[in-house]
Amino acid sequence: MATEHADNAQHAQHALTPSAYIEHHLSFNAHPLNEGAGFWTLHVDTFVMSVALGLIVMGLIWLVARKATAGVPTKGQAFVELVFGFIDDQVKNIFHGNRHSFIAPTALTVFLWVFAMNSMDFLPVDWVAGIVSFFGGEHAKWRAVPTSDINTTFALALTVWILMIFFAIKVKGFGGWIHELFCAPFGTKIWVWPANFMFNLIEYVSKPLSHSLRLFGNMYAGEVIFLLLGMWAATGLTGTIAGAILGAGWSIFHILIVALQAFIFMMLTVVYLAMAHEGH
């Protein structure tokens, strides 16, 4: 009897409350890079999942391209050609230069990579937690969706932002880029230089923020909704049925969100890089 009471007490101690359950699944596997300096922290789960998914997606595309034939295509080749054609058509409508040298391959890479990272939201969080706890212990944490981490989306957006400035300077020259900062869009008169500069500064700052926060917000909200729907199963038979029905409906709707957010992120990337090649 004493042993039974001790086991029940230990089980109650380790049982998670609803808020603790959500907090556990939304916590990162974070490791400070420098003791005492909490700012420099590596999210191991985000880093590993991002790199692994990037290698898998690019590896699969490389394998299909390597086995491509000029005759009747296989199902894999036909699917890849369909994706290639779709992305190329989108880029062609926005960018009017030599899109195949950099812009179209970049758009394809961004779309497939972001789509793969978004798709991790369909993995049941308890399955992921069970696998991680088997290898790393009961309290091990692992976020499987890299794009639900603001560090991932901001790093992607910041990379696009740096490329945007690079191409603007490459196409217009450093002097031309500076001239555009101070003389567009309100004119070249010296008294409107401050207004031009402030307008362009706000534009440059807002682009990476909106680019990253849109993707992060949608994926983070989707992850939270999956957790809330899944927790209904702990409220009894009615909650289990309701959670299963709403969870299935949300999963179907979330397929559109996963694809749409990858598409929007890719399109904004193309738009920003195309704008860098053009003047005001």
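Biologist: What is the volume of the largest pocket?

Modeller: This is a predicted model, where local features need pLDDT of at least 70 and side-chain atom pairs count only at pLDDT 80 or more, while totals for chains, interfaces and linings use all residues. Residues are numbered from 1 along each chain as its sequence is written, and side-chain values use heavy atoms, leaving out hydrogens and water. On a 1 Å grid over the protein atoms alone, a pocket is an open set of points with protein on both sides within 12 Å along at least five of seven lines. Its volume is the space filled by probe spheres set on the points, which are joined across faces, edges and corners, and for the largest pocket this comes to about 580 Å³.

Biologist: Which element gives the largest share of the lining of that pocket?

Modeller: Lining residues have an atom within 4 Å of a point, and the largest pocket has 23 of them, with T46, N151, T152, A155 and L156 nearest its centre. Two or more residues come from each of β2 (41-43), α3 (44-66), α5 and α7 (150-183); these helices (H or I, at least four residues) and strands (E, at least two) are DSSP runs numbered from the N terminus. The largest share, seven residues, belongs to α7.

Biologist: How many residues in the lining of the largest pocket are charged?

Modeller: Ala, Val, Leu, Ile, Met, Phe, Trp, Tyr, Cys and Pro count as nonpolar, Asp, Glu, Lys and Arg as charged, and the others, Gly among them, as polar. Sorted this way, the lining has 13 nonpolar and nine polar residues, and the number of charged residues is one.

Biologist: Which element gives the most to the lining of the largest cavity?

Modeller: A cavity is a set of grid points where a 1.4 Å probe fits but cannot get out, and the whole structure has one of 30 Å³ or more. The largest cavity has a volume of about 150 Å³. Of its 15 lining residues, H25, V125, V128, W142 and A144 are the closest to its centre. Both α2 (18-25) and α6 (125-136) give two or more residues, but the most, three, come from α6.

Biologist: Why does the D88 and R99 pair tie together parts that are apart in sequence, and how many residues apart are they?

Modeller: D88 and R99 form a salt bridge (a side-chain nitrogen of Lys or Arg within 4 Å of a carboxyl oxygen of Asp or Glu), with N to O at 2.8 Å. Both residues are buried. D88 lies in helix α4 (residues 75-94) and R99 in the loop between α4 and α5 (103-119), so the parts they tie together are apart in sequence by 11 residues.

Biologist: In which helix do K207 and E203 both lie?

Modeller: The side chains of K207 and E203 meet in a salt bridge of 3.2 Å, N to O, and both residues are buried. They are four residues apart, about one turn of the helix, and that helix (residues 193-231) is α8.

How values were computed:
Buried < 20%, exposed > 50% of the residue type's maximum accessible area, 1.4 Å probe, protein only.
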